[in-house]
Amino acid sequence: RPVEGYNIAQYALDVIGLADALGLQKFTYVGHSMGGGIGYQLGIEHAHRMDKLILVAPIPAAGTRGTDAMLQAGIAQRKSINARAEMIDQRLKLRLRASEASVELSVDRALSVSDGHFRDSWHSMRDFNVVDKLPQLQTPTLIIAGAADGLCTANVNDWQKLPNATLHVFSRVGHGVPRDVPDEFAVVLDDFMEHGVINAKT
């Protein structure tokens, strides 16, 4: 856990570093939420390494609308003596299909990161803005959204700016697409890996 480097540009470089270590010259990247923002960064700054991009409920290409008050509330919740129970209760109220066990796993993962990771990643998502570069992103891209996710409209708007992309929206699914509909999610990924971008133009 380094003291710095918790930003989308560095995360993208970390992905490239991992691919280098594995000997992968080109690869398909799948990223969820902030991981989707990392995918945008990879497609724009490291296009020559990308085979395909699959962005799942990605953060908006124009950044998130998080406020410092929301950040402080998140930090305070993490430090609460009942943080795990409170977060599980909160997420269970928002879930549509996910099992209770998968919600508990997601909370444990969220609580496992350092405060620096939490704080700096929040700022990185807020300040992220590549929306003007989306028309340059030529990598075959699939955007997957949940129709009940607050990011769905932004996901559709960003998809429309991409020159070589297709879109899949799951009904009655929120932000946690892979957790809510894992089997259906796997089918969509498999279809894209086999057929690539299929849209009105193609």
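This is a predicted model: local features need pLDDT of at least 70, side-chain atom pairs count only at pLDDT 80 or more; totals for chains, interfaces and linings use all residues.
User: Is E45 buried, partly exposed or exposed?

Analyst: Relative accessible area decides that: under 20% is buried and over 50% is exposed, with partly exposed in between. E45 has a value of 41%, so E45 is partly exposed.

User: How do I read a separation in sequence against one in space?

Analyst: Take the two values side by side for a pair of residues. E45 and L13 lie 32 residues apart in sequence, and their C-alpha atoms are 9.6 Å apart. For H46 and N164, the separation along the chain is 118 residues and the C-alpha distance is 16 Å.

User: Where is H46 placed, and is H46 buried or exposed?

Analyst: H46 is in the loop between α2 and β2. Its relative accessible area is 14%, so H46 counts as buried.

User: Which residues does H46 touch, apart from its neighbours within four places in sequence?

Analyst: A contact here means heavy atoms within 4.5 Å. By that criterion H46 is in contact with A12, L13, I16 and Q41.

User: Now the whole chain. How many helices and strands does it have?

Analyst: The chain has nine helices and four strands. Along the principal axes, the C-alpha atoms fill a box of roughly 55 × 35 × 30 Å.

User: What share of the residues counts as buried, and what share of the contacts is between residues 24 or more positions apart?

Analyst: Of the 202 residues, 45% count as buried. Among contacts with a separation of 6 or more, residues 24 or more positions apart account for 74%.

User: What can be said of the surface and the charges?

Analyst: The accessible surface is about 10700 Å², and carbon and sulfur atoms contribute 54% of that area. The chain carries 20 positive and 23 negative charges, whose mean positions are 3 Å apart.

User: How do I read the two faces of a strand?

Analyst: In a regular strand the side chains alternate between the two faces of the sheet. List every second residue, then check which set is covered. In β1, the covered face holds F27, Y29 and G31. The uncovered face of β1 holds T28, V30 and H32.

User: How many residues of β3 are buried, and on which sides?

Analyst: β3 spans residues 141-146, and six of its six residues are buried. On one side these are T141, I143 and A145; on the other they are L142, I144 and G146.

User: Which strands pair, and in which sense do they run?

Analyst: Follow the bridges from strand to strand. β1 and β2 run parallel and are joined by six bridges. In that pair, G31 stands opposite L55 of β2. β2, residues 50-56, is joined to β3 by four bridges, and these strands also run parallel. There, L53 has T141 of β3 as its bridge partner. β3 then pairs with β4, residues 165-170, in the parallel sense over six bridges. T141 has A165 as its bridge partner in β4.

User: What is the phi of R172, and where is R172 found?

Analyst: Phi of R172 is near 55°, a positive value in a residue other than glycine. R172 is in the loop between β4 and α8.

Technical notes. Residues are numbered from 1 along each chain as its sequence is written. Side-chain values use heavy atoms; hydrogens and water are left out. Helices (H or I, at least four residues) and strands (E, at least two) are DSSP runs, numbered from the N terminus. Buried means under 20% relative accessible area, exposed over 50%, partly exposed in between (1.4 Å probe, protein chains only). Accessible areas come from the Shrake-Rupley method with a 1.4 Å probe; for residues, only the protein chains shown count as cover. Lys and Arg count as positive and Asp and Glu as negative; His and the chain ends are not counted. The place of a charge is taken as NZ of Lys, CZ of Arg, CG of Asp or CD of Glu. Two strands pair if DSSP finds at least two bridges between them.
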